[in-house]
Each structure stands twice: as C-alpha cells, then as structure tokens.
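Below are some numbered remarks on the model, for your file.

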Amino acid sequence: MTVEFRGLRRTYGPTVALDGLDLTVAQGELIALLGPSGCGKTTALRCVAGFERPDSGMVLIDGNDVTRVPANRRDAGMVFQSYSLFPNLNARDNVAFGMRVRRRPVAERHSRADELLELVGLAGRGDRYPHQLSGGQQQRVALARALALAPKVLLLDEPLSALDAKVRVSLREEIRRLQLELGITTVFVTHDQEEALSVADRVAVLKDGRLEQVGAPAEIYDRPATPFVAEFVGTMNHIPGRVTGDRVEVLGQLLPIDGTAPGELVDVLVRPEAVRVTPAEAGPALIMASSFRGSTARLRVQLADDSQLLADVPGHDAVRLAPGLRVDVSVVERPVLVTARAATSDDESVVSA
Amino acid sequence: MAAVTPTAVPVTAAPLPVAGGGWGRRVVLLVAAVYFLVPMVIAATFTVYNEAQGFSLGAYGRILSAPGFVSSFLLSLALAAATIVIVLVLLLPAMLAVRLGAPGLRPVLETITTLPLIVPPITYVVGISTSLREGADALAATPFWQTLISLQDENFPFVLVLAYVVLALPFAYRSLDAGLRAIDVVTLVEAARNLGASWPQVMLRVIMPNLRSSLAGAAFLTLALVLGEYTVAALLGYQTFPVWIVTISGSDGQLSVALSILSLLLAWLLLLTLSRAGRKKS
C-alpha cells in the first residue's frame, strides 16, 4: 500500500502548519518525517490518520482519496507519542480492542492478541494493566494494538520520545525489525535525527510546513540539499571562507563548492568528522577540550583567531590528542556546502593552516 | 569566526515541596469533627430520648408506617434517577466535545455550570412558576399545552427533574471535570477512533469505564441534592421527601429528625462505598 500527500495545506489561524506538502511513500517503505517542532510533521501524520482535515490537498492510501474518510474507517494503525493504552483494560484486551469493536469472536481476538504480544516480546504479560508495565512495555503493547487489525499503513507519532535512551534504541530496532518482517508501509514522525537516520528507508526533512529534502539517510547526511538540512541533521561547523572562482578558500585550502555560492564571503559548512586534526609542535591551533564517546572522541579546537570548531577523531586517538596539545587543522578534500556569511562571522579571522 | 550548530541543554525539574503534617493537622481535624458531630449527636439524642418516656427507639419504628413516607421517598428516588440520567447524558458529551473540539470554551462551560450556585433558589422558583403560568396561557391553543400540563403531573412532576438538572450542574460538572483531568482524554479518544470505534463506542467502551469514580461521584452528589432539595419542590407544591419531612415535623418532631439522620447516614454510606471503590481501582 502506498501513501501519498498531494499539495497538502493546513493552517491554524495565521500559522501555516503544512504548505503544499507533496510526498509519496512506497509500498513497504519506512519513511521518517524529520524536522523541528512546528515544522508540520505531526500535522501531516494526523492528516493520514484522519484526526486533521487539510484546508486543501489530498491524502491517498493505495491510490484511494481518504481525505474525507472518518478516522475510524481509515485502516491505519497508529502509535502515539504519549502512552495511549486504555487504563481500564489489560494488555491483551488493549491489543484486542479493535477486534472487539469489529465484533470478532472472543477466542479469535484473544489468540491474535497473544500472538501479537509475543511478536513484540511481551509473551505472558497479557494480564498486566498499563500501570503495571514500564514505558517501553506500554509502547510495545501500543505497537501490537496498532498492528492487530493488519492495517494498510502504520503511523508512528514520536513513539519513543517519552522513553529513556537505552530503551529508545532497542525499541526502534524492534520497530524496524517488525516493519521489515510485516512489510507494512510506515510513516515515522520524529524530531530525533539519529532515530530517523537509523531506522528509515528514506528521510523527509520538513521546515515551516514545506519539504526541504527527501532521500536516503546517507544522502541526507552527506549531501544536504539546503543549509537548513545541513544544520538540522548532525552537528555542523561554520567556518568563514572566501569564494575564488568555483572553489572556496577555507583554513588555507581550496575546496570545490557543492552547489552555487551566494557571494564572495561565505560560511563553509563542515561536519566534525570532516575536520582533520594532526599533532604539530608549532601548530596554529590548540585542543581546548576532549569528550570521549567510545568509538570516537569529540575535540573542541581553538584556531589562531580564537574562534573554535569541533572535530571528531577515532576514539583510540583521544589519549594522543589531549587538551593543551598544539595541532594542525584541515578539512577533508571534497565538495563543501556554503551559505551567506552570518553577521557574527569575522572576515579577518581566517585561519592559516 | 568559526561557529558550531548549538545543541540542546537538558533541563532538570526541581523537586516539588512536600507538605508538612503533625499536630496542626490533627487539631484542625478535631475541630472539624467537633463542629460536625456535636449537632449530630444532639439530634440523635433527641430522636431516642424525651423527658416523659425516657429512652425509646419508637421514632425509628414509626418511620415505615408514617402516612406519606413511602410515596414521597419513592417519588424523590424516581426524580433523582431521572435527574442523574439527564445530567450525565447532557453534561458528559458536552464536556467531551469542548475538550476535544474547543478547549477555549472550557471557562465558558465552567461559568455556566457555576451559575446555579449564584442564582438564589427562590429567584429560580419564581422564574419557573411564571414560565409555567404564562406558558400555559400562551400555549393554550396549541398541542404543546398538554405537554406543559404533563410536566406538572403530581405523580411524577417532570418539571422538578428539569429544575434539579440545573441545580445539579455545578456538582456534577466538578466531579466529571476532575475525572477528565486525570486521564489523557484526547489521546484515548484518538486511539479508540484509530482502532475503528464509533463515537458511541468511544463513549461506552473508553470514556465511561475510565470515569467510573467521577460518574459515581456526580450521580451521588445529584442524588444527595434531590433527596435534600426543599425550596423548589415546596414552592411548586409537590410532596417530595424533604417537603414531607418538613410537613411531618409539625406533628411528629422526633420522627422527622430521625428520618433526617437516617438519610444523612444513607448519604455517608454511599460516599464511603464510592471512596472504597475509587481506592480499589487505583
């Protein structure tokens, strides 16, 4: 089943939540709608669920226009951000709720509910009430409940945001496993870039109700189409640069420009892992701080003009590249994204490498 | 100058202050208990003791055989049942609709439901009797006249139900509001709708089961109000239970006080049952 957003527009008074969203989710695909608060990602999801009616545009599920179809006839299972289990029902009855509403026989709904609870790793916990389950377990039950009626589409509205970090990682992997196993078309709303990049087939980045970029996670990260995407996905250094022909001079290097330059004086956007740091006794830069992260370490490096940037180095280099060490700083040779120079940038502070 | 995309700083909630207990609380409880219990004890003593006969439970023995007791009590119970049904059927969907569709109207609804506490009952009765009188004149030539007359049927004066519904609004609203605040109504309703539930199914299978305590509280408060409401019934000329108690007090003071005590005990019993049920659920 495919899901299509066609020219979807939704306003709340003067606020534009969705501004002509066009997006197609392919059969069996997991697409993540990623963006900051207020970018319209949840509104888009709620339009598919039937909880929001767009001012204009259409939502199509499997080619059928469902824009005006009531929420209870959409055939789209949803997992909510907040815990949404019915407090008066135990886990089994929560999962079986949709089947009960559709008047399926008791035996059938109980066996299906137990089967789904087993699928989400909660076998034998069907008799527990929501208040007897942890947050992660509650969201697993909610996932089983959303899948109980074998819906055409699975909608996930930041289902992991209320959970602690460890549970969040394990549950998102489980969601992906289930999604692949069932081959269900899934729309996953999140503001967590790591979550989006790690589970989605494609990521759609939204800003102010508009689609900024849609693509595979690696494409979004490595080849951001706009400065906003580059900023929003991952950490980014802004290093002052000067455009020379089709190249930009930054940290003493001449690098090719990805796209077109907005002027002569620009900010060059460089990810921490694209910054190279090498020890040099008379180096112009100084390591100010080091934050060990296991496989990598993040260094805060002060340049000759007192400006700072972040660099990610392999974890095993953390001891060698300790704070107080003088270093050379350079950027990996590949096309870089440039934006108009921010007001705070100082033209005179370009570092000589 | 080189800059870095800022990262969010985690915010930690400050711990809430914990209320202190101790002697102050006990003193307040004691004073409150004395304030309520002393009149009760004096009233109870009056029902079982008089100087001529000494101690006697006669007043309680006379209750069932007292003329008019059964009919007035049954009438008040029937009026209470009808009032409870109408209050809940009117109020719960309205409160739900406001929460789901127009949260901005909540203060309006709250104000409207508070009005019966502000308007004196006597003003209310004058309004009702004027409406009934002038309505009868205005509707005399229409089929609605019969409806107006049947509203005032002595066997079941539905006009009292309508009046009690208004009087019960402040109490029922607050009880239901407390229940609705305790659950995430919007998410639960959306979850149920997403799973294919129609609106009546949402109401019967999701909202009402999760509001059991609040619904019982609203029903109990309405029952207590109807069993104790005197002004409207008396001034409109109906013999409900409280009106009968006041009537009988002229000829048998002990009996009327005994009945008042029994109805108070009945109310306490109901309240106790409710709070126990609420505790069990939590």
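**Notes on the interface and chain A**

1. A salt bridge joins the side chains of A:Arg46 and B:Glu190, at 2.5 Å from N to O. The term stands for a side-chain nitrogen of Lys or Arg within 4 Å of a carboxyl oxygen of Asp or Glu. By this rule, the interface of chain A and chain B has 1 salt bridge.

2. The model is predicted: local features need pLDDT of at least 70 and side-chain atom pairs pLDDT 80 or more, while totals for chains, interfaces and linings use all residues. Residues are numbered from 1 along each chain as its sequence is written, chains are lettered from A and ligands numbered from 1 in the order in which they are written, and side-chain values use heavy atoms, without hydrogens and water.

3. Between chain A and chain B, 8 residue pairs are in polar contact, both residues being at pLDDT 80 or more. Such a contact is a pair of N or O atoms within 3.5 Å; within protein, one must be able to donate a hydrogen and the other to accept it, and residues adjacent in sequence count only if both atoms are side-chain atoms.

4. On the side of chain A that touches chain B, two or more residues each come from strand S6 (76-79), helix H2 (91-101), strand S11 (237-244) and strand S18 (308-314). Helices (H or I, at least four residues) and strands (E, at least two) are DSSP runs, numbered from the N terminus. In total, chain A has 8 helices and 20 strands.

5. Chain A brings 38 residues to the contact and chain B brings 22 residues, where contact means heavy atoms within 4.5 Å. About 2700 Å² is buried between the two chains, 56% of it from carbon and sulfur atoms. This area is the accessible area (1.4 Å probe) lost on putting the two parts together, summed over both. A:Asn72, A:Asn88 and A:Phe97 give 20% of what chain A buries against chain B, more than any other three residues.

6. A:Cys39 is in no disulfide, and its nearest cysteine sulfur, in A:Cys47, is 13 Å away. For A:Cys47, the closest cysteine sulfur is that of A:Cys39, and 13 Å is too far for a bond. A:Cys39 is buried at 1% relative accessible area, and A:Cys47 is also buried, at 1%.

Terms used:
Disulfide = S-S within 2.5 Å. Buried < 20%, exposed > 50% of the residue type's maximum accessible area, 1.4 Å probe, protein only.
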